[in-house]
Amino acid sequence: MVNLRSPREIALMRRAGLVVWGAHQEAAKLVRPGATTADIDAAVDAYFARQGAVALFKGVPGKTPFPAACCISVNDEVVHGIPGPRVLQEGDVVSVDTGCSVGGWCGDSAYTHPVGTVAPDVRRLLDCTAGVLALAIQLMAVRERWSDVATEMAKYVRDHGFSVVENFVGHGIGRSMHEDPQVPNFCTPAFRRNHDFTLEPGLVIAVEPMVNLGSKKVRVLADHWTQSTVDGKPSAHFEHTVAITDEGPLVLTAPPAQGESVGAAESVA
Ligand code: MG
Ligand code: MG
């Protein structure tokens, strides 16, 4: 069942989204050769604590509970990488995915950063993945069903010569980080028939394309969490939490607008 949120609830979710945005600014400051992925996670974790936010990724159930505030995935790692002693190198790409709740409402967002200068095809992969997320948000204003957005997302990625990961999809988000509906970045006849949903005011979803430079296929590593490309080629991941309002799509994890500030009681409607 898809939960539709009132304008007041969406305003509360914006508070969480702003804190997620702020956490990504803390992470971005540390992305450079020589930093470890654990350094980035620690900065985000401390930021959430300062904001009185709950780090949602910690303890997510799996074969072992997820141990960190961020998923940090480097190069051929697609998603769900565990932060640790790995040292970032010039030319790497690093995906940081994190989420928190504030006052019981959740936000979730991801960015892939180049570490220094990356190869031209990798730069194009990052631009394509950020571009397909932007396209999806734009289309949410003008399409009626998710299947139409997802079809155009897959075409955009294909036209750039890359492949959409199909093993992982976006999701509804609200009181919990993962709610109905499932939000794929590609469309199948079965999705259109059985799982499609209407883009209507009150819908809040995390849209999160994962795009591989080579094959779409992924496999899980021995840590039971990290998903990696089977061909060892790089992958990118961008995500925003997006609400549909009467005025159109509203990116809840976007930077503060004029007059908005992160944290405390300020931005409550
Ligand atoms: Mg995420
Ligand atoms: Mg997500």
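I call a residue buried when its relative accessible area is under 20%, exposed when over 50%, and partly exposed in between (1.4 Å probe, protein chains only).

I note that this is a predicted model, where local features need pLDDT of at least 70, side-chain atom pairs count only at pLDDT 80 or more, and totals for chains, interfaces and linings use all residues. Residues are numbered from 1 along each chain as its sequence is written, chains are lettered from A and ligands numbered from 1 in the order written, and side-chain values use heavy atoms, with hydrogens and water left out.

**Entry: the metal site**

Donors here are N, O and S atoms within 2.8 Å of the metal (3.2 Å for Na, K and Ca), and water is not among the atoms, so sites may look incomplete.

Strands are DSSP runs (E, at least two residues), numbered from the N terminus.

I also saw that Asp108 bridges magnesium ions ligand 1 and ligand 2, which lie 3.1 Å apart. Asp108 is buried, at 2% relative accessible area, and Glu239 is buried too, at 0%.

Val79 has Gln227 in β12 as its bridge partner. Two strands pair if DSSP finds at least two bridges between them.

Note on methods:
Helix = DSSP H or I, 4+ residues; strand = E, 2+ residues; numbered from the N terminus.
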